[in-house]
Amino acid sequence: MPRSFAANIRDNARQKTVLFFVIGIVAGIIVVKVELQLYNAGRPCSDDGKVPIRPAMKRSTQLGQNEISQHLSKKIRILCWIMTYPSNVNKSAIHVRNTWAKRCTKTLFMSSENTTFPTIAVVDHLEGRKYLWPKSRGAHQYVYDHHVDDFDWFLKADDDTYVIMENLRMLVARYDPNKPFHVGRRLKYKETKRSFMSGGAGYVLSREALKILVEKAFQSPEKCTPITVVEEEEDPKVARCLWNFGVKPIDALIDGRESFHCFAPPIVLQPDAFPSKHWYARHSYHSLKRGPECCSEYSISFHYVEGYWMYMLEYMIYHMRPFGVGYYDCPHNIMSIVGAPT
């Protein structure tokens with residue numbers, strides 16, 4: 001019996017509905033795949049270069065680059081104390097406060113005067129390089145007295161030091177702050193076998209190291225120079241105080257290259273910088289590399305950075321992007337850094 005015209009119409013409608021449904025599914029799959037590729041290309045941080053990381057954080061979204069730094073900022077509490085002078089507050093310290101110091105958990109500026117900047121007076125002596133040791137020791141004592149249990153790490157820097165806090169947190173994430181660590185740019189101390197961390201490039205103490213420094217070393221004048229001694233070499237003296245109580249310097253090499261730098265980028269990046277007789281070449285604990293090989297791509301600090309360079313570095317690190325150039329790879333130990341299960 002021949003099918004009615006109406007039945008044919010109904011069958012054709014069903015076929016078209018099924019066809020459109022299949023086409024819709026295929027199109028949806030294609031769109032989703034493209035979207036995922038674009039999403040992953042924009043957020044390339046992964047532990048194997050293919051799978052976006054999903055750490056045990058209280059959200060289901062993929063982990064982007066900003067999320068890593070924000071997570072570490074909450075997880076790793078760093079107090080930054082900056083050594084400055086009354087005459088340098090509006091010349092240098094203000095630029096530190098306006099730029100990288102904003103990423104510290106807390107920042108203190110140590111001086112010989114209490115001001116509304118604010119600066120904290122930690123020494124009664126006249127200002128000058130020869131008073132650096134009493135000033136440094138006073139600052140460590142102040143930080144211990146008021147903040148030792150509030151933070152995990154304690155960074156000492158100068159008012160002409162620029163620090164990339166995200167990279168510092170990445171570095172110290174591998175260490176337990178309840179164990180003694182003294183981390184920074186390692187230099188040889190004169191002709192001895194001992195080494196110390198450059199104060200200008202900045203060094204960081206774990207909470208336990210700060211406790212040992214104040215509770216033990218500062219109480220032993222035969223093993224740690226008293227605060228009454230007027231000398232400018234504060235960084236070797238801090239190292240000696242810690243060394244005598246079992247706290248050895250820890251290298252801050254990342255992928256075999258230095259991450260704390262005693263000079264500004266325009267200096268350390270020069271291929272012919274620092275001839276062999278230069279003090280930096282002679283006292284560098286590791287063989288000094290020059291040019292771009294001098295520095296880890298996760299560099300942490302630079303010293304002798306003038307005010308205008310603070311803003312230049314701030315812009316170039318956190319704002320400027322070359323379109324279509326470069327890529328971002330997470331460190332191989334990214335899962336342990338963010339505290340996620342592997």
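Mentor: Two strands pair if DSSP finds at least two bridges between them. Strands are DSSP runs of E, at least two residues long, numbered from the N terminus; helices are runs of H or I, at least four. This is a predicted model, where local features need pLDDT of at least 70, side-chain atom pairs count only at pLDDT 80 or more, and totals for chains, interfaces and linings use all residues. Residues are numbered from 1 along each chain as its sequence is written, and side-chain values use heavy atoms, with hydrogens and water left out.

Trainee: What makes β1 and β4 a pair?
Mentor: DSSP needs at least two bridges. Strand β1 (residues 78-83) has 6 to β4, and they run parallel. Trp-81 stands opposite Lys-156 in β4.

Trainee: How do you know that β4 and β9 pair?
Mentor: They share 4 bridges, in the antiparallel sense. Leu-155 has Val-204 of β9 as its bridge partner.

Trainee: What does β9 (203-206) do with β6 (182-184)?
Mentor: They pair antiparallel over 3 bridges. Val-183 stands opposite Val-204 in β9.

Trainee: Why are β3 and β10 called edge strands?
Mentor: The open sheet has 7 strands in the order β3-β2-β1-β4-β9-β6-β10, with mixed pairing. β3 (120-121) and β10 (249-251) each pair on one side only.

Trainee: Why is β4 called largely enclosed?
Mentor: Buried means under 20% relative accessible area (exposed is over 50%, partly exposed in between; 1.4 Å probe, protein chains only). In β4, 6 of the 6 residues are buried, so the rest of the structure largely encloses this strand. Trp-153, Leu-155 and Ala-157 point one way, and Phe-154, Lys-156 and Asp-158 the other.
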